[in-house]
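Here's a quick tour for someone meeting this structure for the first time. Have a look at it first, and then we'll go through some helix pairs and the surroundings of the ligand.

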Amino acid sequence: MDHLESIYNAVLDGDAASAQAGVKAALAANLPADVILKNGLIAAMSEVGRLFEENEYFVPEMLVSARAMQSGLALLKPYLAEAGAEPAGKIIMGTVKGDLHDIGKNLVSMMLEGAGFEIIDLGSDVAPQAFVKAVQERQAQVIGMSALLTTTMPSMSATIKALEEAGMRDKVKIMIGGAPVTDGFAKQIGADGFSPDASSAVRLAKSLLG
Ligand code: B12
């Protein structure tokens, strides 16, 4: 079995120790960090997403896989940063008020970090004012908001309004996502972009920063 395959299997199995061992072995074999990320860790995580949709994996499996991916990614980070040279930009990430779902937000953050962005993670259940305060204090160029409940989607719009009221709306680009969120909703509330998954979120962030 090659290194990428063992990383892939380790993430699918939710085996953090094997994922780390696989990443170490792959790096020692001089595989490029971005290849390890894309063909090992991310490929496995998208298979986890597929298995979840097929009802073959459930939340606990998804959580341990995400954790295994995260532990592998931690080892890759210094190499990815090296390859990326210049930091690509600063992004504030958070799951909106009332919403505790953070797996998708964390995946998006990890992928953005892998692509060289600096991430300021406000966590979950983030009130509109907390986003505004973070923009003021941290001088980020982009806000990424996540919502997994139809009942918390309005908090995205409330956050945009709070930024407008604080005179900060033109200082940041806003991207949104989460299972119930659509492109149409993003346009309706005046966000700058929507993306349905973590890898397209990286493309979106890059295009927002022009
Ligand atoms: C895991 C889970 C939970 C976990 C969350 C654990 C955690 N730490 O996140 C727990 C068990 C706590 C939970 C609780 C609840 N949940 Co829940 N949960 C889920 C479940 C099964 C999976 C969500 C998930 O992690 N998916 C995997 C990730 C990788 O996908 P994702 O989040 O969509 O993220 C991807 C994209 O959307 C996108 N993305 C996400 N965020 C962002 C942000 C940006 C900026 C961008 C660009 C992209 C982007 O990229 C991500 C990666 O590809 C969903 C079912 C589903 N199909 O979504 C229900 C679901 C979201 N939950 C639901 C409900 C109802 C609840 C509860 C109200 C249940 C209850 N009665 O208590 C509570 C609410 C708690 C709260 N206040 O938030 C409903 C929502 C229904 C609705 N229409 O609103 C769902 C859809 C289940 C269902 N079919 O009924 N839940």
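A crossing of two helices is left-handed if the near helix is turned anticlockwise from the far one by less than a right angle, and right-handed if clockwise. By that rule, α6 and α7 make a right-handed crossing, while α1 passes α2 in a left-handed one. This is a predicted model, where local features need pLDDT of at least 70, side-chain atom pairs count only at pLDDT 80 or more, and totals for chains, interfaces and linings use all residues. Residues are numbered from 1 along each chain as its sequence is written, and side-chain values use heavy atoms, leaving out hydrogens and water.

Helices here are DSSP runs of H or I with at least four residues, strands are E runs of at least two, and both are numbered from the N terminus. The axes of α6 (residues 128–138) and α7 (residues 154–165) come within 8 Å and cross at roughly 45 degrees. That makes α6 oblique to α7. Helices α1 (residues 3–13) and α2 (residues 16–28) pack at about 165 degrees, their axes 8 Å apart. That makes α1 roughly antiparallel to α2. (Over 145 degrees is roughly antiparallel, under 35 roughly parallel, 65 to 115 roughly perpendicular, and the rest oblique.)

| Residue | Distance to a ligand oxygen |
|---|---|
| T150 | 2.9 Å |
| G178 | 3.4 Å |
| A179 | 3.4 Å |

Note on methods
A polar contact is a pair of N or O atoms within 3.5 Å; within protein, one must be able to donate a hydrogen and the other to accept it, and residues adjacent in sequence count only if both atoms are side-chain atoms. Axes are lines fitted to C-alpha atoms, for helices over the stretch in contact, and angles run from 0 to 180 degrees between N-to-C directions.
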